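Colleague: I would like to go through this model with you, one question at a time. Please put it up first.

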Amino acid sequence: MFGRNLFFACALALQSFLALSACDGVSTVHPADEKLRLNHIQLKATHNSYRPGRLDHTVVDWRYDHAPILVQLEEQGVRGLEFDLIHDPFLERYRVEHIPEADDETHCPFLTDCLEAVRDFSERHPGHHPIFIQIEPRGAFDDDTEARIARFESEVLSVFDRAQLITPDDVRGEALSLREAVLERGWPTLGETRGKIFIYLDSSREISLAYAGPDGRLEGRVAFPDSRMDDPFAGFMVINAVGDGRAREAVEAGFLVRVRAEHLRELFNEGVDRAEAALETGAQVISTDFPVKREELDYFFDIPGGTPSRCSPVTAPEDCKSEWIEDPSRLGG
C-alpha cells in the first residue's frame, strides 16, 4: 500500500511540474511536456505481445516469438502492446492467448497478469510516455455483450486506478463528442499523460458501436474503440493497410492510428516488409513481430532515431526532438 501511495504522490507532483522519479530527486519532466501532444509521437509496438512462439513454426503466420512483457518494455524499447482476449466461462475471467488449444502459449495467462506487468514497469519508471495497449476481443464480447464489456472494464480497473489511465472522458472533457474534442481542441499534452496507459480496442464494427453507447460519448469507458473518421467517438483507428492513404489521412486529420510494419507471409515468402511505408504514414503506433535484431533473421523493426520513440514525421512540430518524447535518463526508477 505504501508503494502505491508513493506512486500517486509522485504522479500528482508530475502534473505540477515538480515530479521526481520515484521521488529520488531525478526529474521525470521533459523539456516540451506542455508543448507536445499525444498525437505527436511515433512508437514501436508488438503484435500479440504475450506469445512466446517460435521462429520455425510450420504455419508461416505464426513464425514469431516475443520476450516477456517486462523485457519488451525494459530492454527492447517497446511502448505498445497487444493482448488477445478469450473469455473463460468457468472462471468468468479473460484469458490472453492466440487460439485455444491450437496456439495457446502465453507469457501472461490472464488479462490481469499482462496488465500487472505493465503496471510494474510504469510504477518503477514514471517518466515514460504513455504506453498503448491494444485489446483484441476475438469474440469475447460477442455474447452477452454488455456483461462481457463490464467484466473487461472491471478487470482493467482491478489493476489500474482511473488516474493511471487516459480515458475517453479525459480527452472529451466538456465537448459534445470525442471527435469534436480531438478536432477542435486536440489531444492532451505529454505533460498531462506522462506515466499513464492508453487502452484501445481492435474491435468489430458491432462491438465498437456497442462499446461507444447509443449516444457515442463513451462516457465512463476505460478504452477507445476502433472508429471511423465520421463517428462521434472517433479518436483511435486500427488501419492495417499502409499503401492506400487511409492511415496518413487519419493522422493528418488529427486522429491516433495503429498500423503494422510487416505481414509474415509477405516477409517470409516474398522478402517484403512495410516498415518504411508504415513510418511514412505518421501513425503513432507501429506494430511489429520483430522488435529486436535476431541472429536467425535479417529483418527487424525499430523506430529510426527513437529514444526509444520519436516525433511523428507528419504531426510533430519541426523542432521536435526524440528525447523530448522520452529520455531514458528521465524515466525514473
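Colleague: Are arginine 260 and aspartate 289 buried or exposed?

Modeller: This is a predicted model, in which local features need pLDDT of at least 70, side-chain atom pairs count only at pLDDT 80 or more, and totals for chains, interfaces and linings use all residues. Residues are numbered from 1 along each chain as its sequence is written, and side-chain values use heavy atoms, with hydrogens and water left out. Buried means under 20% relative accessible area, exposed over 50%, and partly exposed in between (1.4 Å probe, protein chains only). On that scale arginine 260 and aspartate 289 are both buried.

Colleague: What joins the side chains of arginine 260 and aspartate 289?

Modeller: Arginine 260 belongs to strand E9 (residues 256-260), while aspartate 289 sits in the loop between E10 and E11, 29 residues apart. Helices (H or I, at least four residues) and strands (E, at least two) are DSSP runs, numbered from the N terminus. The contact type requires a side-chain nitrogen of Lys or Arg within 4 Å of a carboxyl oxygen of Asp or Glu. At 3.5 Å, N to O, arginine 260 and aspartate 289 form a salt bridge.

Colleague: How many residues apart are glutamate 326 and arginine 79?

Modeller: Their side chains meet in a salt bridge of 2.7 Å, N to O. Glutamate 326 is in the segment after H12 and arginine 79 in the loop between helix H2 (69-75) and E2, so the pair links distant parts of the chain. Glutamate 326 is buried at a relative accessible area of 0%, and arginine 79 is buried at 3%.

Colleague: Which bond joins threonine 307 and proline 308?

Modeller: Proline 308 is in the loop between strand E10 (285-288) and strand E11 (310-311). Omega there is about 10°, and the bond is a cis peptide bond.

Colleague: What is the relative accessibility of glutamate 101?

Modeller: Glutamate 101 is in the loop between E3 and helix H3 (111-124). Its phi is positive, about 75°, although the residue is not a glycine. Glutamate 101 counts as exposed because its relative accessibility is 75%.
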